[in-house]
Amino acid sequence: MTAEITAGGISVPITHAGKVLFPADGLTKEDLARYYADVADVMLPWLRDRPITMVRYPDGLDGQRFFQKNAPSYFPGWIRRAEVGKEGGVVEHAVCDKPATLVYLANQACIEIHGFLSRADKVEVPDQLVFDFDPPDSEHFADVRRAALWARDLLDGELGLTSFVRTSGGRGLHVHVALNRRAGFDATREFAHRAADVLARRHPDAITTEQRKDKRGTRIYADVMRNAYAQTVVANYAVRGRPGAPVATPLSWPEVDDPSLEPGRFTMATVRARLASTDGQWSEFTSSRYSLGEAGKRLARLAS
């Protein structure tokens with residue numbers, strides 16, 4: 001069965017539209033494509049100008065997944081590409097700047113879309129940094145909320161920055177800070193490491209920066225490793241390849257302070273209603289861009 005979805009004036013055929021990608025939920029490739037068409041207006045601002053990595057599930061969640069960086073030659077010409085340097089050559093990534101691109105990727109059984117922390121015109125310089133608060137299991141989400149709130153207190157209250165929070169679509173929360181593209185990845189990652197170390201030192205029974213899982217215990221891992229060149233983070237409103245079709249969803253800080261918040265609340269089935277009933281989270285993200293110079297000085301005093 002083939003369907004056709006028109007997005008932004010471009011018609012995209014959906015081949016094998018009835019193929020089930022989420023077996024436990026009965027969600028098909030067409031369902032995924034229509035979701036991405038519906039949320040394109042709120043999703044594209046977080047992807048436009050960013051090289052992406054695709055996570056594809058040709059046979060659905062029960063089959064093998066694979067990560068794909070390069071945009072194949074058979075992708076239509078209206079899909080923008082961006083060359084990213086790597087050791088020994090370049091990779092030509094796709095860039096999502098049109099609603100139809102999201103729909104086309106869904107037709108490729110691309111469930112997850114991950115974007116760079118930098119933009120294509122200056123790919124070696126990040127325009128945001130991210131802390132990924134990752135629990136040992138779903139039973140510790142209350143601890144994740146607490147860790148994210150402590151991070152907000154540090155970043156906003158003590159370092160003079162503005163932080164933004166979202167669900168990861170998994171078990172954790174991501175905390176982001178928008179940057180003004182003056183510091184490279186090495187400096188940004190070092191700043192994130194030092195901030196995470198402060199949190200772990202202040203809350204040693206609750207937060208860790210230990211990379212080895214067997215040494216974390218039940219503590220929340222403050223992961224800053226994505227703050228590096230050509231690393232990616234799942235896009236806002238992207239679906240994750242997990243039962244229930246959870247979605248990485250921007251939040252307000254009062255929502256994180258609410259004990260009833262659960263990571264699985266936001267899914268393909270629920271996000272549309274949320275978008276219709278909220279004013280849009282992270283509306284100030286693009287206007288809240290910072291240098292890390294002064295914040296770095298304050299952080300150095302805290303870390304000493």
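This is a predicted model: local features need pLDDT of at least 70, side-chain atom pairs count only at pLDDT 80 or more; totals for chains, interfaces and linings use all residues.

Me: OK, which residue lies over the face of Trp253?
Reply: That's Arg152, at 5.1 Å from the ring centre. Arg216 lies over a ring face too, that of Tyr221, at 3.8 Å from the ring centre.

Me: And how many aromatic pairs are there?
Reply: The structure holds 11. One of them is Phe131 with Phe133: their ring centres are 6.5 Å apart and the planes sit at 15°, so this pair is stacked.

Me: Is Phe133 buried or exposed?
Reply: Phe133 is buried, at 0% relative accessibility. Phe131 counts as buried as well, at 2%.

Me: What about Phe185 and Tyr229, how are their rings arranged?
Reply: Edge-to-face, because the planes are at 80°, with the centres 6.4 Å apart. The pair links distant parts of the chain, 44 residues apart: Phe185 is in helix 4, and Tyr229 is in the loop between strand 14 and strand 15.

Me: Switching to strands: in what order do the four strands of the open sheet come?
Reply: The order is 6-5-9-15, with antiparallel pairing. Strands 6 and 15 are at the edges with a single partner strand each, so one side of each has no neighbour in the sheet.

Me: What packs on that sheet?
Reply: Helix 2, residues 99–107, which touches strand 5 and strand 9. The helix direction makes about 130° with that of strand 9.

Conventions: Residues are numbered from 1 along each chain as its sequence is written. Side-chain values use heavy atoms; hydrogens and water are left out. Two strands pair if DSSP finds at least two bridges between them. Helices (H or I, at least four residues) and strands (E, at least two) are DSSP runs, numbered from the N terminus. Contact means heavy atoms within 4.5 Å. Axes are lines fitted to C-alpha atoms, for helices over the stretch in contact, and angles run from 0 to 180 degrees between N-to-C directions. Rings of Phe, Tyr and Trp (its six-membered ring) pair if their centres lie within 6.5 Å; planes under 30 degrees apart count as stacked, over 60 as edge-to-face and the rest as tilted. Buried means under 20% relative accessible area, exposed over 50%, partly exposed in between (1.4 Å probe, protein chains only). A charge sits over a ring if NZ of Lys or CZ of Arg is within 6 Å of the ring centre and within 35 degrees of the ring normal.
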